[in-house]
Amino acid sequence: MPRSKSVSTYDREMKDPERRRRFEKKYARFLLSEIILALMEQEKMSVRELARSVGISPAVIQDIRSGKRKNITVRNLLGIAAALGAKVKIEKGKATYSLLE
């Protein structure tokens, strides 16, 4: 009798489209906060310094870093990226578009 291939809990849970959508949304916020944290460490920039450079409240930066901020404006994202020496890109197929502040 052949053994059935076991399915991981993750694979089983991600079969539900609604659960997958919620997971991907939360993961995107988590990933953004991790990228910002890594860039801040790389640039040796504090929350206050970054906020001052972008022209927004340190609380906004902290909320983004912690994943509490669910909606980040494009202006803030572009400002944060620029202050950290990064760019925001949009890709579709083979085409890439860079956004500048």
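Visitor: How many helices and strands is that, and what kind of model is it?

Guide: The protein chain has 5 helices and 2 strands. This is a predicted model, where local features need pLDDT of at least 70 and side-chain atom pairs count only at pLDDT 80 or more, while totals for chains, interfaces and linings use all residues. Residues are numbered from 1 along each chain as its sequence is written, and side-chain values use heavy atoms, with hydrogens and water left out.

Visitor: OK. What about the radius of gyration?

Guide: The protein chain has 18 Å, whereas a compact globule of 101 residues would be near 13 Å. That value is taken over C-alpha atoms, and the globule rule is 2.2 Å times the number of residues to the power 0.38. Along the principal axes, the C-alpha atoms fill a box of roughly 65 × 30 × 25 Å.

Visitor: And how much of the chain is buried?

Guide: Buried residues make up 22% of the 101 residues. Buried means under 20% relative accessible area, exposed means over 50%, and partly exposed is in between, with a 1.4 Å probe and protein chains only.

Visitor: What share of the contacts is between residues 24 or more positions apart?

Guide: They account for 40% of the contacts with a separation of 6 or more. Contact means heavy atoms within 4.5 Å.

Visitor: Let's talk about α2. How far does α2 reach?

Guide: Helix α2 covers residues 17-43, which is 27 residues, and reaches 39 Å from its first C-alpha to its last. That is close to the 39 Å expected at 1.5 Å a residue; the expected span is 1.5 Å times one less than the number of residues.

Visitor: What happens at the start of α2?

Guide: A side-chain oxygen of Asp16 comes within 3.2 Å of the backbone nitrogen of Glu18 there.

Visitor: Which residues of α2 are buried?

Guide: Ser33, Ile36, Leu39 and Met40. The buried residues of α2 pack against α3 (47-54), α4 (58-66) and α5 (74-83).

Visitor: Take Ser33. Why does Ser33 count as buried?

Guide: Ser33 counts as buried because its relative accessibility is 3%. Leaving out residues up to four places away in sequence, Ser33 touches Ile64, Arg65 and Gly67.

Visitor: Switching topic: how many aromatic pairs are there?

Guide: The count comes to 3 aromatic pairs. Rings of Phe, Tyr and Trp (its six-membered ring) pair if their centres lie within 6.5 Å; planes under 30 degrees apart count as stacked, over 60 as edge-to-face and the rest as tilted. Phe23 and Tyr27 have ring centres 6.0 Å apart and planes at 10 degrees, so that pair is stacked.

Visitor: Where do Phe23 and Tyr27 sit relative to each other in the helix?

Guide: Phe23 and Tyr27 are separated by about one helical turn, because they are 4 residues apart in α2. An α-helix has 3.6 residues a turn, so residues three or four places apart point the same way. Phe23 is partly exposed with a relative accessible area of 34%, and Tyr27 is partly exposed with 41%. Tyr27 also pairs with Phe30, and that pair is tilted, at 6.1 Å centre to centre with 40 degrees between the planes.

Visitor: Is Phe30 buried or partly exposed?

Guide: Partly exposed, because Phe30 has 44% relative accessibility. Tyr10, Phe23, Tyr27 and Phe30 form one aromatic cluster.

Visitor: Last one: what does Asn76 touch?

Guide: Asn76 lies in helix α5 and touches Val54, Ile56 and Val60, not counting residues up to four places away in sequence. Asn76 counts as buried, at 16% relative accessibility.

How values were computed. Polar contact = N/O pair within 3.5 Å; in protein donor to acceptor, adjacent residues only side chain to side chain.
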